[in-house]
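Thanks for asking me to look this one over. My notes follow as numbered points, to be read with the model open beside them.

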Amino acid sequence: MEDPNFSQAVLLICQHGPEGAYGLVLNRPLDLTVGKLLPEHELLADSIAPVFLGGPVDHSRLQFVHMVPGRIPGGHEICTGLWLGGDLDALAKVLGEAERGEIPVPAVRLFLGYAGWSPGQLERELSEGSWLPVPLATQFVFQAEGEEAWSSIVDQLEPGTGGPTPSLN
């Protein structure tokens, strides 16, 4: 896709239905930590957790995905074992414990913005070949960063699946 918002973007589709679709770009790190973003939050003000650009729409709201629903309640399971959102104070506690080395770094990724599609728009874009759908691999949700993430996923596509032109690699 030639749109700079989505060129070599790796997206996680969080919701898709008759009313449209909603997703998060996984591989656009911002030069921003959650502590810089929320300096007034008592528990997050010192956090060094990175924030990613989730898409071109609504940069006013922090969102996150995670795989620790037992530690961060209140989220919505978007696929087996992967949760969207939850209690912000619980998130802060988990991030703080990880940053102090008290627990292993959890599978959590934070975002500003999102990608949205009107009803039927994503289906049209898929039929036009604008997107290369691949099955969800949670390692890409938490490890994907920059153009290398896109290349790594494209390299895993089966030959003949309509991969990108060599000039885009």
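This is a predicted model: local features need pLDDT of at least 70, side-chain atom pairs count only at pLDDT 80 or more; totals for chains, interfaces and linings use all residues.

1. Cysteine 14 is in no disulfide, and the nearest cysteine sulfur to its own belongs to cysteine 79, 9.0 Å away. That distance is too far for a bond, since a disulfide needs two cysteine sulfur atoms within 2.5 Å. Cysteine 14 itself counts as buried, with 10% relative accessibility.

2. Next, a hairpin to look at. Strand 6 (residues 76–79) pairs with strand 7 (residues 82–84) in the antiparallel sense, over 3 bridges. Histidine 76 has leucine 84, in strand 7, as its bridge partner. The hairpin has 2 residues between the strands, and glycine 81 takes a positive phi near 85° there.

3. Two backbone angles deserve a glance. Most residues other than glycine have a negative phi. Glutamine 8 has a positive value, near 55°. Glutamine 8 sits in the segment before strand 1 (11–17) and is buried, at a relative accessible area of 15%. Aspartate 58 also has a positive phi, near 50°, and lies in strand 5 (residues 57–66). I would look at both residues on screen.

4. Now the charged pairs. How many salt bridges does the structure hold? There are 3. Aspartate 58, the residue with the positive phi near 50°, takes part in one of them: its side chain meets that of arginine 61, at 3.9 Å from N to O. This pair counts as a salt bridge because the cut-off is 4 Å. Aspartate 58 is partly exposed, with 29% relative accessibility, whereas arginine 61 is exposed, with 54%.

5. Which residue meets glutamate 97 in a salt bridge? The answer is arginine 71, with an N to O distance of 2.3 Å. This pair links distant parts of the chain, 26 residues apart: glutamate 97 belongs to helix 2 (residues 88–99), and arginine 71 to the loop between strand 5 and strand 6. Glutamate 97 is buried, with a relative accessible area of 11%, while arginine 71 counts as partly exposed at 36%.

6. Another salt bridge joins glutamate 102 and arginine 100, whose closest N and O atoms are 2.9 Å apart. Are these two residues buried or exposed? Both glutamate 102 and arginine 100 are exposed.

7. Last, a pocket. The second largest pocket has a volume of about 290 Å³. Its lining is made up of 15 residues, and Ala49, Pro50, Val105, Pro106 and Val108 are those nearest the centre. Which elements each supply at least two residues of this lining? They are strand 4 (50–53), helix 2 and strand 8 (108–117). By class, the lining of the second largest pocket has 12 nonpolar residues, 3 charged residues and no polar ones.

How values were computed:
Residues are numbered from 1 along each chain as its sequence is written. Side-chain values use heavy atoms; hydrogens and water are left out. Helices (H or I, at least four residues) and strands (E, at least two) are DSSP runs, numbered from the N terminus. Buried means under 20% relative accessible area, exposed over 50%, partly exposed in between (1.4 Å probe, protein chains only). Two strands pair if DSSP finds at least two bridges between them. On a 1 Å grid over the protein atoms alone, a cavity is a set of points where a 1.4 Å probe fits but cannot get out, and a pocket is an open set with protein on both sides within 12 Å along at least five of seven lines; lining residues have an atom within 4 Å of a point. Grid points are joined across faces, edges and corners, and a volume is the space filled by probe spheres set on the points. Ala, Val, Leu, Ile, Met, Phe, Trp, Tyr, Cys and Pro count as nonpolar, Asp, Glu, Lys and Arg as charged, and the others, Gly among them, as polar.
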